[in-house]
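Student: Can you walk me through this one? I'd like helix packing, then domains, then the record.

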Amino acid sequence: MSMIAAFYGGKSILITGATGFMGKVLMEKLFRTSPDLKVIYILVRPKAGQTLQQRVFQILNSKLFEKVKEVCPNVHEKIRAIYADLNQNDFGISKEDMQELLSCTNIIFHCAATVRFDDTLRHAVQLNVTATQQLLLMASQMPKLEAFIHISTAFSNCNLKHIDEVIYPCPVEPKKIIDSLEWLDDAIIDEITPKLIGDRPNTYTYTKALGEMVVQQESGNMNIAIIRPSIVGATWQEPFPFDDTYLSPSYYLRSGLIFCAGKGFLRAIKATPMAVADLIPVDTVVNLTLAVGWYTAVHRPKSTLVYHCTSGNFNPCNWGKMGFQILATFEKIPLERAFRRPYADFTTNNFTTQYRNAVSHRAPAIIYDFYLRLTGRKPRMTKLMNRLLRTVSMMEYFVNQSWEWSTYNTEMLMSELSPEDQRVFNFDVRQLNWLEYIENYVLGVKKYLLKEDMAGIPEAKQHLKRLRNIHYLFNTALFLIAWRLLIARSQMARNVWFFIVSFCYKFLSYFRASSTLKV
């Protein structure tokens, strides 16, 4: 029997960020492997037009929870949604709900965060630092708490090339940052942000590093661990490859580029082909998270352990290989009604990038918008293209570099698991076949994100052939027009043209004469 699965039986678990990308998969795995757990508390902020219960109902009725309903038919009774807003003091939780959380919670998985790379420093600090501080304060008042697991990111210290499983200090204490933001206005904050984040690329990585410092400083006597996943992607194995529940901003950042490449919107990206694409499947992260929760509660390490959940050390795949496999998959299972034939090129300098953006991205968008205007429709392609290019520019820092993450704690934990736990909670990424994973990823984008029928693949392939022929005809016509204008204006060009024509004529005459003699 799985020791980890048995450990979570009868437990009351608090998950922040349960409605997000990783939170849903974490909740699904808990219910599927430990259906006898007592309750999962989830902090939820109601959306416009949806109550807390409606949001829970929407989650449970997704494809992700199909297997859960088989092993845990009363799953809806074991989810306790609590109104909370991480932007408010005490999260805006009512006194009754707060009392229940403080008196009953056994395990905390802190997954909530803002993952926007372009977020303001004020908002990023509030969600990634202050909210973590407030949750730790709550946790310190929980008499039954056995473990507090904080989900950070492997890129929290991306200003370093080699990153150990330790908490690195930031130049400015988190408390000073929090206190300063209470009285500084937005204009001043925006002005000092570049100086504060230093050689980190954005507020996300900076505030996640601050959040780790807060965890270290506020840990007290609690059993705490930090998990640092790299780029979290779609599911690899569980509950099945990919699914349709990843409707969150963080998911679109990961899969949006695949969608844009498949539709032909994205044709070039500034990236280093040999740089390691440190992608990690979300179910691998979840398995490690649950194993860490068990180990932290049962073995009670003397210090806060950090676990790296990355693929580059064990099973590296570079961006060039990944891009090639994505495009090869789109040849077999193309997306319907593509804008252009899928193609992607890696550029390595700013001049080439600007040129490709102008020629391959902005110019076609402008032409298409002109066509939409002529046909009486609202132009939209230029706006979408500018948004795409902004997203791509935010990713450039991460697709042009490689990092080395030490994994001593992760490997130690793997050795501590029984064979059954290694099977049920597998986080050994060495077993991952990248070709199969990428094919499933692309297939998931087509089936679940775009809701496209697989029966439409032959028509989609025909559409790609038409786009290819249009591309060749357009380039040929453009070349002939340019050449004709050049001939009309340059005597040298005319001489070259006449030489080529004369050479071709002589060659054909010689070939014809040789054929006649042989006959």
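Tutor: We'll take your topics in that order. This is a predicted model, where local features need pLDDT of at least 70, side-chain atom pairs count only at pLDDT 80 or more, and totals for chains, interfaces and linings use all residues. Residues are numbered from 1 along each chain as its sequence is written, and side-chain values use heavy atoms, with hydrogens and water left out.

Student: At what angle do α6 and α9 pack?

Tutor: About 20°, with the axes 9 Å apart. Helix α6 spans residues 121-139 and α9 spans residues 203-217. Helices here are DSSP runs (H or I, at least four residues). Axes are lines fitted to C-alpha atoms over the stretch in contact, with angles from 0 to 180 degrees between N-to-C directions.

Student: So what is α6 relative to α9?

Tutor: Roughly parallel, a label for angles under 35 degrees.

Student: Which residues make the contact?

Tutor: Among them are Leu 121, Val 125 and Leu 136 of α6, and Tyr 204, Leu 210 and Val 214 of α9. Contact means heavy atoms within 4.5 Å.

Student: New topic. How far apart are the centres of domain 1 and domain 2?

Tutor: The C-alpha centres lie 61 Å apart. Domain 1 is 3-240 + 277-315 + 405-432, and domain 2 is 460-518. The bounds come from an automatic or database domain assignment.

Student: Where does UniProt place "transmembrane region"?

Tutor: At residues 470-487 and 496-513, in an unreviewed entry. Such annotations may be inferred rather than shown by experiment.

Student: How much helix is there over residues 470-487?

Tutor: The chain there is 100% helix and 0% strand, with end C-alpha atoms 25 Å apart. Strands are DSSP runs too (E, at least two residues).

Key: Angles under 35 degrees count as roughly parallel, over 145 as roughly antiparallel, 65 to 115 as roughly perpendicular and the rest as oblique.
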